Amino acid sequence: MEKLLQTVIITINDKLYVKDPESSDLGKRIIRESIKMIYEIGFESFTFKKLGTRIGSNESSIYRYFENKHKLLLYLASWYWGWLEYQLVFATNSIPDARLKLQSAIEIMTQPTEIDTAFTHIDEVMLNKIVINEYSKSYLTKEVDQENKEGYFVIYKRLVNRMSTMIKEVKPSYPYPSSLASCLLEGALHQYFLMDHFNSLTDCSIKNTPTAYFKHLVFNALND
């Protein structure tokens, strides 16, 4: 299984990049160091000029991979959701019981992130923090409808659909499976954000985890 996971490739919409960053050492350095920089200084302060200085390369070399930093953020977010999707598929594929499968899926979607050694140029813990803090900036734009048509959010939507299908398998008559699934994914990000920045606004904590909260929320909704 370990060897199998090492061969996994997260496939990203090729409209998000000019040149596939996975195709070269420079591209992988751009991904690795952009994650570190956005984690350290935030997306607003991040620029390709600063990234070029950090990696010891011309700013123009970064533009050969990404048209702008918005596309880079979309790429990173897509990679993150694709990474979660492959974990979800491997963790739940052999579980025949619908409730146990959904329970496992909720754990995958809401548990704290750990480093995945299958992808040595990507720090998944830092990337998770970026998604928590910055993901909404990738779609709260005037161009979101066109970008949606271009398939920029297809991995995220596919992940929501997978969760929606699992919810319907537990209770086919439940009228809001997609709403509950999207609430789960977005809500998990929001609860971790509140834990980090506004802990008085959430009951979640290290002991009383977001995973426990969303299991309670989802299964109580399905048991009504």
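The largest cavity in this predicted model holds about 40 Å³ of space. By the rule applied here, the count comes to one cavity of 30 Å³ or more. Its lining is formed by L74, A77, S78, W81, Y135, Y152, F153 and Y156. Helix α5, which spans residues 69–92, supplies the largest share of that lining, with four residues. In terms of class, seven of the lining residues are nonpolar and one is polar, while none is charged.

Helix α5 also takes part in an open feature, the largest pocket, where the largest share of the lining, five residues, again comes from α5. The volume of the largest pocket is about 330 Å³. The pocket is lined by 21 residues, of which Y80, Q111, P112, T113 and N128 are the closest to its centre. Two or more lining residues come from each of the elements α5, α6 (98–110), α7 (124–134) and α10. The lining of the largest pocket comprises 14 nonpolar, five polar and two charged residues.

Helix α9 covers residues 154–170 and helix α10 covers residues 177–197; their axes lie 8 Å apart and the packing angle is about 125 degrees. Angles of 65 to 115 degrees count as roughly perpendicular and those over 145 as roughly antiparallel; α9 and α10 are therefore oblique to each other. The crossing of α9 past α10 is right-handed. On the α9 side, the contact involves Y156, L159, V160, M163, S164, I167 and K168, which meet P177, S178, L180, A181, S182, L184, L185 and E186 of α10. This contact has 10 nonpolar, three polar and two charged residues.

From α10 the contact draws on L180, C183, L184, G187, A188, Q191, Y192 and M195, and from α11 on P210, Y213, F214, V218, A221 and L222. By class, this contact divides into 12 nonpolar and two polar residues, with no charged ones.

How values were computed: Residues numbered from 1 in each chain as written. Predicted model: local features only at pLDDT ≥ 70, side-chain atom pairs only at ≥ 80, totals over all residues. Heavy atoms only, no water. Axes fitted to C-alpha atoms, helices over the stretch in contact; angles between N-to-C directions. Parallel < 35°, antiparallel > 145°, perpendicular 65-115°, else oblique. Left-handed = near helix turned anticlockwise from the far one by under 90°. Contact = heavy atoms within 4.5 Å. Nonpolar A, V, L, I, M, F, W, Y, C, P; charged D, E, K, R; others polar. 1 Å grid on protein atoms, 1.4 Å probe; cavity = no way out; pocket = protein on both sides within 12 Å on 5 of 7 lines; lining within 4 Å. Points joined across faces, edges and corners; volume = space filled by probe spheres on them.
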